[in-house]
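Hello,

Here is the structure I promised to pass on to you.

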Amino acid sequence: MSAVKKEKEPLFSAKNRKLLTNPLNIENPITVQVLGICSALAVTAKLKPAFVMALSVIVVATFANVIISILRNGIPPRIRIIVQLVVIASLVILVDQVLKAFVYDVSKQLSVFVGLIITNCIIMGRLEAFAMGNKVWPSLLDGFGNGLGYGAILIIVGFVRELFGSGTVWGYHVIPQPVYELGYMNNGFMILPPMALIIVGVIIWIQRAKNPQLIEQK
Amino acid sequence: MQELFNIFIKSIFVDNMVFAYFLGMCSYLAVSKTVNTSAGLGIAVMFVLGITVPVDYLLNEYVLKAGALTWLSADFADVDLSFLSFILFIAIIASMVQLVEMVIEKFSPALYSSLGIFLPLIAVNCAILGGSLFMQEREYPSLAQATSFGLGSGLGFFLAIVGIAAIREKIRYSNVPGPLRGLGITFIITGLMGIAFMSFLGIKL
């Protein structure tokens, strides 16, 4: 009777909110943790595939984190990498089949990069660093937050490249015809792969200029 | 023979894993601080790609493709297992890396100690899985062509990572603006190197 009931942590305590918002800025998976660049940049020439890719990664990261977090006490440490890979690979197969069924054209554009979500270091990295040692709810938030942080960069890069490279956003022309008649031209350079890297470099530059604590020491 | 050589050159320069498809970027950025370690990683990647791509080719040809199982029995003519390819490829890669590691340790301890930690890490390198997936997508007609694609891609990765490591060693002495230091400038240099590699696009093979 006298036992004090343990105060339950609210679902969105300050700590949990941080899990969700930190990856968007100061712990961004791409620009700060340097994870998951492999499958990120090749899909950003247009906004739509970038968006679909971001969505797929959010789904896989969230569910993989939840599943591994549920299983975390039952996985023998020696074979954890294989277990994690199997969980991720099954989720990615599901995502791939769904994409093929509902957005076939985008799935063709993404080609091998959907499969490469398996070896996307963000997902493995978060499983190793977070889900293996935390409860289900924080793991879910962490997976979702990191997926969002990844998606945010993808969408920014996709937006810039599509706007300046093709003069469209989401496939709709936004740069009016009279501007073209004045001599404006789409910058074909933006569509080419190297430009994605340079844009991410510039994003890192802006972000670190705003958050001086991220600047690397010499 | 001519065809094999063409695929080899094409996968080194024109379809370079790093500059054209951004594969293997994570280890490319993380390990490229000095030329020696990056050369070790490059050799390991080349080695593993040269083995896993042909093995996955055989797997794809005789197990996964639509109608690939007909060598077992004619009843399997319309079985298509290609949706299983991700999980099987990654399993093959993980076990091949393990196997290669044990073989090297047994027969060439010197090479083993120089590759060190990089061998196990390769299992989750996107360039390796990417190599197998591209092989599947491009439908190379023969085992030899798939092998030459695997080796060529590995060599392309080797060139890229050694190149960036050399540049990063030099750039340590220059005055990069604070927020760009480290990661930012590496991205931009990689972009510039990618532009340089695009000049190979004009080669008709």
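Let me begin with the term for ring pairs: rings of Phe, Tyr and Trp (its six-membered ring) pair if their centres lie within 6.5 Å, and planes under 30 degrees apart count as stacked, over 60 as edge-to-face and the rest as tilted. By this rule, there are eight aromatic pairs over all chains. One of them joins B:Phe19 and B:Phe197, a tilted pair because the ring centres are 4.7 Å apart and the planes stand at 45°. B:Phe19 belongs to helix 2 of chain B and B:Phe197 to helix 10 (residues 183–197) of chain B, so this pair ties together parts that are 178 residues apart in sequence. Helices here are DSSP runs (H or I, at least four residues), as strands are (E, at least two), numbered from the N terminus.

Before I go on, a word on conventions. This is a predicted model, in which local features need pLDDT of at least 70 and side-chain atom pairs count only at pLDDT 80 or more, while totals for chains, interfaces and linings use all residues. Residues are numbered from 1 along each chain as its sequence is written, chains are lettered from A and ligands numbered from 1 in the order in which they are written, and side-chain values use heavy atoms, with hydrogens and water left out.

B:Phe19 has 3% relative accessibility and counts as buried (under 20% relative accessible area, with exposed over 50% and partly exposed in between, for a 1.4 Å probe and protein chains only). B:Phe197, at 17%, also counts as buried. B:Phe197 pairs in turn with B:Phe200: their centres are 5.5 Å apart and their planes at 70°, so this pair is edge-to-face. B:Phe200 itself is partly exposed, at 26%, and is placed in the segment after helix 10 of chain B. Leaving aside residues up to four places away in sequence, B:Phe200 touches B:Phe13 and B:Val14 (contact means heavy atoms within 4.5 Å). B:Phe13, B:Phe19, B:Phe197 and B:Phe200 form one aromatic cluster.

On a 1 Å grid over the protein atoms alone, a cavity is a set of points where a 1.4 Å probe fits but cannot get out, and a pocket is an open set with protein on both sides within 12 Å along at least five of seven lines; lining residues have an atom within 4 Å of a point. Grid points are joined across faces, edges and corners, and a volume is the space filled by probe spheres set on the points.

The structure holds one cavity of 30 Å³ or more. Its lining consists of B:Asp15, B:Met17, B:Tyr21, B:Phe134, B:Arg138, B:Phe149 and B:Ser153. Helix 2 (17–21), helix 8 (126–138) and helix 9 (143–171) of chain B each supply at least two residues of this lining.

The second largest pocket has a volume of about 720 Å³. Of its 25 lining residues, A:Lys100, B:Ser82, B:Ser85, B:Gln136 and B:Glu137 lie nearest its centre. Helix 8 of chain B gives the largest share of that lining, four residues.

Best wishes
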